[in-house]
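Open the model in your viewer and keep the selection tool ready.

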Amino acid sequence: MPDIRRSTSSVALLLNATYEPLCVVSVRRAAILVLSGKATCVADGDGVLHSARHAVPVPLVIRLTKYVRVPYRAHVGLSRRAIFARDGGRCVYCQAAAETIDHVHPRSKGGAHSWDNVVAACARCNHHKGDKTLPELGWRLSVKPAPPHGAVWRVLGHRVPDPRWADWLN
């Protein structure tokens, strides 16, 4: 029986022709781009992809051969997964493992559903806080919630970057 285990990383970092990070693609898509001549492999990952006639190292970082102009969004989309990533998976009130999201200023009292008002929280703190504001409870936030910024957020979103990509993400 052949060995069909997945490689340690199933994604690759895609760079523009100028070595600017563009996005993260699947290893399959990266291999197709390399084999079709649209990209070159900058760094190899672990393992080898086999076909009937070829054996190609698993691409870890690939670079497009032609420059592609990409219009970037000015902001990062608000999602539950992105909130957990921004807050490190920890409750902003007690630093326990986060399970839910909470609106710092409750929506029922005019609070917005925005990066400045949504935080990760554990179920205990979220239940205790309920529909109250922080001054009503006497609670304070150690860090004011803010929208994430930087090229890494724009490229990776909520994904955890592969440490081997560090040279190209800085």
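A disulfide here is a pair of cysteine sulfur atoms within 2.5 Å. By this rule the count comes to zero disulfides. The model is predicted: local features need pLDDT of at least 70, side-chain atom pairs count only at pLDDT 80 or more, and totals for chains, interfaces and linings use all residues. Residues are numbered from 1 along each chain as its sequence is written, and side-chain values use heavy atoms, with hydrogens and water left out.

Select Cys 41. Its closest cysteine sulfur belongs to Cys 23, 15 Å away, which is too far for a bond. Cys 41 is partly exposed, at 32% relative accessible area. Buried means under 20%, exposed over 50%, and partly exposed in between (1.4 Å probe, protein chains only).

Now go to helix H1, residues 27–35. Helices (H or I, at least four residues) and strands (E, at least two) are DSSP runs, numbered from the N terminus. Which residues of H1 are buried? Select Val 27, Ala 30, Ala 31 and Leu 33. Seen down the axis of H1, they fall within an arc of 160 degrees, so they line one face of the helix. The arc is taken from the directions from the helix axis to the C-beta atoms.

Turn to the face away from the buried side: Arg 28 and Leu 35 are exposed there.

Then show what covers the buried residues; strands S1 (11–15), S2 (21–26), S3 (39–50) and S4 (55–64) are included. Contact means heavy atoms within 4.5 Å.

Finish at Gly 37, which follows H1 and has a positive phi, near 85 degrees.
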